[in-house]
Every structure is written in structure tokens, then in C-alpha cells.
Amino acid sequence: MRVIVVGAVAVFALVRAVLPAAAADPLKIGVLMPTSGVFAVLGQRQLNGMRFAIDAAGGEVAGRKIEMLHEDSEGKPDVGLAKTRKLVLSDRIDVMAGIINSAVALAVAPYLSSQRVPLVISNASTDMLSGEKCDRYVFRVSYSSSQITEPIGLWMAKNAPKNLYILASDFVAPHEYVAAAKKGYLAGGGTIVGETYTPFARTQDYGPYISQARSANPGAVFAVYFAAEALLFVKQYDSFGMKATTPLYGPVGLTPPVLRKAQGSAALGVISPSNYVAELDTQENRAFRDAYGKKFGEEPEEFSVMGYDAMRFVLEAVKARDGDTKDRPALASALEKVAYAGPRGPMKMARNHQATQNVYIVKTVPKGDDVAFEVIDTYRDFQDPVKGCNLD
């Protein structure tokens with residue numbers, strides 16, 4: 001009997017040796033991204049960047065196949081929260097990424113934290129997420145409103161006219177962008193001659209607001225609009241003859257590559273802060289830009305690169321954990337330690353879980369029949385200036 005048992009054990013061991021090992025569970029990454037509504041075009045660019053990061057990793061990390069499970073937030077907080085609950089409770093995701101607008105991020109971040117599911121934000125910029133509402137399980141690879149906009153205020157104080165009119169869409173992020181730009185601009189001796197906020201997602205005719213700005217006789221206008229609103233505003237600003245007499249400043253969302261073809265010559269001459277432009281002449285960006293162009297037939301831009309970096313941060317952290325995502329506090333700690341030189345320059349996570357990065361001051365210039373960015377200044381390794389975070 002002992003001989004039979006020993007023989008059976010030997011045969012079992014031999015079978016195990018020749019059979020392939022059971023595949024590891026797939027890595028499920030939930031992605032909350034609007035593909036309908038006012039932010040749809042930006043959401044699609046971020047999804048492209050995320051897919052590119054997964055493809056660049058060969059579709060797997062630490063022996064685990066990567067599954068990206070996308071849900072459309074529609075840019076609405078209540079929809080975003082419902083879709084997030086589905087991803088966590090039904091799809092049983094390991095980690096979460098994405099989110100375009102701040103209201104959605106503020107709605108879903110507390111829930112994800114309560115479930116100890118790390119979230120890597122790819123765009124939503126409200127200062128609160130790296131300030132008083134920072135969280136151990138919430139990270140952001142894009143920027144805070146203050147981090148991306150304070151540099152343009154500092155730059156305008158030295159280089160722009162000293163009297164400024166402000167036009168912006170009336171929701172959380174533009175108010176924060178304006179506050180950060182004003183901080184540096186006013187400290188440098190600038191003057192605000194007027195400030196108007198237009199109804200978000202309801203304004204089709206900016207003419208009355210542009211006329212109001214013109215009547216204040218400013219030396220320049222600082223405007224904060226994104227996506228479909230930016231398309232309309234920039235074209236109407238030009239059609240009212242303002243661009244010819246009054247230079248326009250604002251976040252790079254005013255004239256992103258995805259809108260510039262439709263904006264045409266109206267996009268020329270705008271000066272903006274950005275954490276990425278395709279024209280960056282670095283080894284990392286040249287390789288990224290060429291590979292991305294081959295895959296999608298177009299150059300990458302700010303939103304696609306932030307989507308790429310959100311996914312890359314996730315994959316780098318999972319790799320550092322040798323594929324283990326069950327220990328969620330350890331996965332969050334791994335995200336804190338991710339650092340690399342990517343398409344937009346050096347990237348690392350600050351103590352408040354906001355990525356430290358270069359901020360470029362760029363100008364839209366002619367390039368043949370198209371429009372391109374020219375980098376005119378750089379604020380290197382610019383750390384988030386937002387205060388109030390306590391993760392101890």
C-alpha cells in the first residue's frame with residue numbers, strides 16, 4: 001500500500017510539473033470617464049491615453065492580464081457615484097482611475113476611500129482634492145487648479161499688460177483657476193478691471209459678455225473655458241474683433257489640439273500654462289509621440305497624456321507590489337512611491353498625493369496651415385501650492 005501511495009504522489013507531482021500553472025486573476029481597473037455630455041471629447045482623449053499605456057505594457061502587468069472596465073459618468077455626480085458603486089460591488093475592481101470634472105470626483109472619492117479602493121485621478125482639478133479633502137486612497141496625476149494656473153499668473157505679472165478682465169465658466173474649477181492666476185498677477189502689480197462668470201453648459205452666445213469686457217477697456221483678457229464652451233468662446237472672441245486688440249490668456253483648455261482645427265486662426269496667439277504639449281523635444285516625448293501617432297493617427301495632447309500617466313501610475317504601483325492588489329494600504333503606499341520621466345517630464349507624487357511636474361507657458365503659433373504650441377517659458381518641478389492636506 002505504501003508503494004502505491006508513494007507512486008501516486010509521484011505521478012501527481014509529475015502531472016503538476018507538466019501542466020501549465022493556473023493563470024493569475026486579471027487586474028481589473030475601473031475607469032470612470034464621460035463619453036457623453038459637454039466633456040465627452042476630453043473623456044475620449046483620456047481613454048485613448050489609458051489604452052495606449054495598457055498596450056505599451058503588453059496588456060499585462062506582473063503576470064496579470066489587464067482588464068479596463070469603463071463606465072460613462074456623463075459628467076454628472078449622481079451618475080458617477082452610481083457607476084462607481086457598480087464597478088466596486090458588481091465588477092469587483094482592484095483600483096480606479098479617470099474622472100474629468102471635479103464635481104464627480106468629489107462625489108465618488110469618499111465612497112472609494114470607504115471601500116479602500118485606490119483612485120488615480122486623470123483630470124479633475126479642484127484644489128480641495130489635494131487640500132482639505134485629500135485622502136490616503138486618492139491620488140492625482142493631472143494637476144490642481146492652483147498648480148497649473150499660479151505659474152501663468154506669475155508670468156503675466158512680468159510679461160502681460162497690467163490691467164486684466166476675467167471671463168470664466170461658472171463652476172468649481174474655473175473659480176479656482178481664476179483665484180490662482182490672480183494671486184501671482186496681483187502680487188506683481190497687476191489690476192483686475194472686471195470679472196464675469198457665464199452660465200455653465202447653457203451659454204451659446206458669449207457676445208454680451210465679450211462686449212461687457214471690451215467696455216472695460218482692458219489690456220488683456222484671462223478666460224477659463226473647456227471643451228465645447230472653449231470652441232465657441234474662442235471663435236466668438238475673434239469674431240468680435242477682440243483678439244486683434246486685446247491679447248487672450250487662459251488654461252490650455254482654451255485651444256487644445258482637439259479643438260484647434262475647428263477654431264482655425266481664431267486659436268492663434270493665445271498664451272496658456274500646460275503640463276504637456278506634443279512639441280516638447282525630449283527623448284521620452286519623441287518616442288511617445290511617434291508611437292501614439294502610429295496607433296491613433298494623431299498627435300497626443302494634454303488630456304491623452306494625463307490619461308496615459310494615470311494608467312501608468314497604476315501599473316507601476318502594481319508592478320512594485322509583484323501583482324498583489326489585495327493589500328490595499330500597501331498598494332496605496334506603492335502609488336506614493338511611483339516616479340519616472342515620462343512624455344511631459346519628471347513625475348513624482350508629493351505628500352498630498354498631487355503629482356509634482358513641469359508647468360510650461362505656451363503660445364499658439366502658425367504651423368503651415370495648422371496651429372501649434374511654442375514653449376516660451378518653463379516652471380520646473382512645480383509643486384502643488386495648495387495647503388490644508390493632512391494624511392498623518
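**Y185 and its surroundings**

A polar atom of the Y185 side chain lies 2.6 Å from the backbone oxygen of P161. That is a polar contact: a pair of N or O atoms within 3.5 Å, where within protein one must be able to donate a hydrogen and the other to accept it, and residues adjacent in sequence count only if both atoms are side-chain atoms.

This is a predicted model: local features need pLDDT of at least 70, side-chain atom pairs count only at pLDDT 80 or more, and totals for chains, interfaces and linings use all residues. Residues are numbered from 1 along each chain as its sequence is written, and side-chain values use heavy atoms, with hydrogens and water left out.

Y185 sits in helix α6, residues 172-187. Helices are DSSP runs of H or I with at least four residues, strands are runs of E with at least two, and numbering starts at the N terminus. Y185 counts as buried because its relative accessibility is 1%. Buried means under 20% relative accessible area (1.4 Å probe, protein chains only).

What does Y185 touch, leaving out residues up to four places away in sequence? The list is G153, M156, A157, P161, K162, N163, L164, G190, T191 and I192. A contact means heavy atoms within 4.5 Å. N163 is 22 residues from Y185 in sequence, and their C-alpha atoms are 9.8 Å apart.

Now the whole chain. The protein has 13 helices and 15 strands. Buried residues make up 54% of its 392 residues. Of the contacts with a separation of 6 or more, 68% join residues 24 or more positions apart. The C-alpha trace spans about 100 × 45 × 35 Å along its principal axes.

Technical notes
Buried means under 20% relative accessible area, exposed over 50%, partly exposed in between (1.4 Å probe, protein chains only).
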